[in-house]
Amino acid sequence: MPERVHLPERIDPPAADAAAELVEQLAARRLTIAVAESLTGGLLVAELVRIPGASAVVRGGVVAYATPLKHTLLGVDQTLLDEHGAVHAEVAAQMARGIRSATAVDGIPADVGVATTGVAGPDSQDGHPVGTVFVAVAIGDRVRVERFAFGGSRAEIRASTVAAALDLALGELPAQPE
C-alpha cells in the first residue's frame, strides 16, 4: 500500500492573507486573473478560490506539470523548452502570457496571468538545484519574472512558491483608478 502523505488543508496564514488581499484588490480594480502552474500543481489556484468572492475575479488555471504541456496548452516556445528545459525565466514569462490567452472569455484574455515553474525536489532538474523557482506575472504588455532559491522540504518549497506568487501579483497590480 502506498505511503499516505499528509498535506495541509491550506497554505500558511501569510499566504492566506495575501490571497485575500489579492482577490480584494482584483475585485476593486475589476480585473481577472488566471494561473499557470507547474511545481505548485494547483496549490496557487486553490489558495485563490478558497477566498469568498474569488469567482468574480479568478478565471481558472492550468496545471502544466509535464513539460510538453507548457508548449501545447500555454504556447511556450518548443525550442526554448528543448534548449533550456522548463526551469527558466523566459519559460515562466511565456507561461504567464499564455495563461491569459488560454483563459480568454469571448476573445478577451484574463487581465493578469501568473505562472510558477521550478524544482520542488527531491532531485535537481535541468541542471537547477532543488528550490530554484521562477514566478512570473503578466499584465498587459508587461511581464515581471522573479527567481527564488527556496529551502526546506518539497511541501515547504511549494508553499513558499505560492506565497511568492501571491506577493508578486499584488505588487504588480496597477494603481487603483480614482
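Predicted model: local features only at pLDDT ≥ 70, side-chain atom pairs only at ≥ 80, totals over all residues.
Stop 1: Start by showing the strands. You will find 5 of them in an open sheet, in the order β2-β1-β3-β4-β5, with mixed pairing. At the edges are β2 and β5 (142-149), each of which pairs on one side only. Neighbouring strands are turned against each other by 15° on average, direction ignored.

**Stop 2: β1 and its partners.** Select residues 33-37, which make up strand β1, together with residues 58-63, strand β2; the two are parallel and share 5 bridges. Look for Glu-37, which stands opposite Val-63 in β2. Now follow the chain from β1 through helix α2 (residues 43-49) to β2: this β-α-β crossover is right-handed.

**Stop 3: Thr-32.** Step back to the loop between α1 (13-29) and β1, where Thr-32 is found. Is Thr-32 buried or exposed? Its relative accessibility is 15%, so Thr-32 counts as buried, the cut-off being under 20%. Beyond its neighbours within four places in sequence, Thr-32 touches Val-57, Arg-59, Pro-109, Ala-110, Asp-111 and Val-112.

**Stop 4: helices across the sheet.** Select residues 89-102 to see helix α5, which lies across β1, β2, β3, β4 and β5 and runs at about 145° to β3. Then pick α6, lying across β3, β4 and β5 at about 25° to β4.

**Stop 5: the cores.** The largest nonpolar core holds 32 residues, and those with the most contacts inside it include Leu-22, Leu-48, Val-114 and Leu-166. Two or more residues each come from α1, β1, α2, β3 (112-118), β4 (132-139) and α6 (154-172). Which element gives the largest share? That is α6, with 7 residues. Centre on Val-114 and, leaving aside neighbours within four places in sequence, you will see contacts that include Ile-33, Leu-44, Ile-99, Val-137 and Ala-169.

**Stop 6: the ring pair.** A search of the whole structure turns up 1 aromatic pair. Select Phe-148 and Phe-150: their ring centres are 5.1 Å apart and their planes meet at 10°, so the pair is stacked. Phe-148 is partly exposed at 22% relative accessibility, whereas Phe-150, at 19%, is buried.

Key. Residues numbered from 1 in each chain as written. Heavy atoms only, no water. Pairing = 2+ DSSP bridges. Helix = DSSP H or I, 4+ residues; strand = E, 2+ residues; numbered from the N terminus. Right-handed = clockwise from strand over helix to strand, strands pointing away. Phe/Tyr/Trp six-rings, centres within 6.5 Å; stacked < 30°, edge-to-face > 60°. Buried < 20%, exposed > 50% of the residue type's maximum accessible area, 1.4 Å probe, protein only. Contact = heavy atoms within 4.5 Å. Core = buried A, V, L, I, M, F, W, Y, C linked by side-chain atoms within 4.5 Å. Axes fitted to C-alpha atoms, helices over the stretch in contact; angles between N-to-C directions.
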